Amino acid sequence: MRRLFLAFALLALALGQRLVSPEEVARSQVIKKALPAVVRVQGTSPAAGEGGVMGTGFFVSPFRVVTNYHVVQDLAEITLRLYDGRTVLAERFAVDPGIDLALLTVRGVQAPGVLSFSKTPSSSLPLGMGVVLVGFPYGQGPLASYGILAGLGPLEVATPDPSIGTEVGEYLFTDAPLTVGNSGSPLLNLQGEVVGVVADVVGGPSGVGGIGVAIPADLVAQSVQDLERFGIPQRGWLGASLVSLDELPPVLLRAVGLTTTQGAMVDRVDPGSPAARAGLRGAQRDAQGRLLALGDVILAVNGKAVKDKAEVVRLIARYRPGDRVRLTLWREGRRLEVTLTMVARPASR
C-alpha cells in the first residue's frame, strides 16, 4: 500500500498538480488523453438562425469523427475546431438517425488524438461508476466535467425530434454537468474508454439541474463498423412503431383477454419492413388519433418475454440482415407465433 501511495504521489508531482487520491489521478489522465481527440462541430442552417449550430464530436480514427445526427442533419457546411485551435472542413460520411449518430470525414488533417470504445456491454456497467465528460458547452471549451453513471434504461420523456433515436432501447444516464453544445460529447470511464455518446439532457432550462442522456458505446461501435463497411446500419429493425402495454388503458387490454401489462403493441407498420412482410397488424385509430382497436401485441422475442417497447427494440437490434426472429404475439384473443426475416434497411438521409 505504501508503494502504491508513493507511485500516485510521484505521478501527481510529475503532473504538476495537487492530486491527492487515485481517482483524481485517473480522472486527470483521462481528460489529458481525451482533449486532443475532441472537436467542436459547428455550422449554419436556416432552422438555427444567425446563431448557427454547435455541438461536439470526437475522432475514432485518423480521419473519422463521431457526433450526433441531430447536430449535423441540417448543416450545409460542417466546420470542426480542433484542440489546438485549427479549423477544418468535414463532410457527412454516413448517418444513423435510428440511434442519433453521424460519422464525419475530415480531410487535410490527421487526428491529433483518437478515442476507443469500451468493450464492456452497457448492461454490465456498474451504477455509481465515475464518468468523465469532455465537450463544448455553449461552444466554449473544450471543457471537462465529472459525475457518476446514474442509471440505464429507456428515455421516457419527450425529445425535440421524436423521429430521431427511436432504435435506442436503453440509454445511459449521468449527473455529470452538461448543456447545449455537449451533444456528441464522449462519456468516458476512468480507463479513458468511451462508454457512451451524449445525445440529450433532461432537466430545467438549458439543462440546469438536468440529467445527461447518452447512447451506449456498444451500440455506437456496432453502428460505426456498419457505416464504414456498408454505408448504412445493419442493426436489426422491426419497421413498426410500438406502444408499451402499461401505457394503454387496462380496459382495452381486458377486452382482448390480456391479463398482463408486460409487452408492446404494434401501433403502425411501415410498408416493406420486416414487420409488414411477416403480416404484423397495426392498431386502428380514428381521425383524431384515438385508439379504436389494438394492434398485435408482442409478448416475446425468440422465446424471451419482453416487458415493454424498449426491450423489443433492444432485442431485435441484436440481429443482422438474413437472421430469422420468432415473435410471440397476442392477436384477437389468442397467442400465435410469426417469424420475421431481417432485411437491410433503406438508406438513411
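A residue counts as buried when its relative accessible area is under 20%. Keep that cut-off at hand as you explore this predicted model.

**Exercise 1. Strand β13**

Find out how many residues of strand β13 are buried, and which way they point.

*Solution.* Next, sort the side chains by direction. Ala-240, Leu-242 and Ser-244 point one way, while Ser-241 and Val-243 point the other way. Finally, look for the neighbouring strand: β13 runs antiparallel to β14, and 5 bridges join the two. As one example, Val-243 has Met-265 of β14 as its bridge partner.

**Exercise 2. Ser-273**

Decide whether Ser-273 is buried or exposed, and describe its surroundings.

*Solution.* First locate the residue: Ser-273 sits in the loop between β14 (264-269) and α6 (274-277). Its relative accessible area is 0%, so Ser-273 is buried. Then follow its side chain, which reaches the backbone oxygen of Asp-270 at 2.7 Å. Leaving aside residues up to four places away in sequence, Ser-273 touches Trp-237, Leu-238 and Gly-239.

**Exercise 3. A pocket**

Describe the second largest pocket and its lining.

*Solution.* Begin with the space inside, about 370 Å³. Now turn to the 14 lining residues; Ser-122, Asp-218, Leu-219, Arg-314 and Arg-318 lie nearest the centre. Sorted by class, the lining has 5 nonpolar, 4 polar and 5 charged residues. Helix α4 (residues 217-230) gives the most to this lining, with 3 residues.

Conventions. Residues numbered from 1 in each chain as written. Predicted model: local features only at pLDDT ≥ 70, side-chain atom pairs only at ≥ 80, totals over all residues. Heavy atoms only, no water. 1 Å grid on protein atoms, 1.4 Å probe; cavity = no way out; pocket = protein on both sides within 12 Å on 5 of 7 lines; lining within 4 Å. Points joined across faces, edges and corners; volume = space filled by probe spheres on them. Helix = DSSP H or I, 4+ residues; strand = E, 2+ residues; numbered from the N terminus. Nonpolar A, V, L, I, M, F, W, Y, C, P; charged D, E, K, R; others polar. Buried < 20%, exposed > 50% of the residue type's maximum accessible area, 1.4 Å probe, protein only. Polar contact = N/O pair within 3.5 Å; in protein donor to acceptor, adjacent residues only side chain to side chain. Contact = heavy atoms within 4.5 Å. Pairing = 2+ DSSP bridges.
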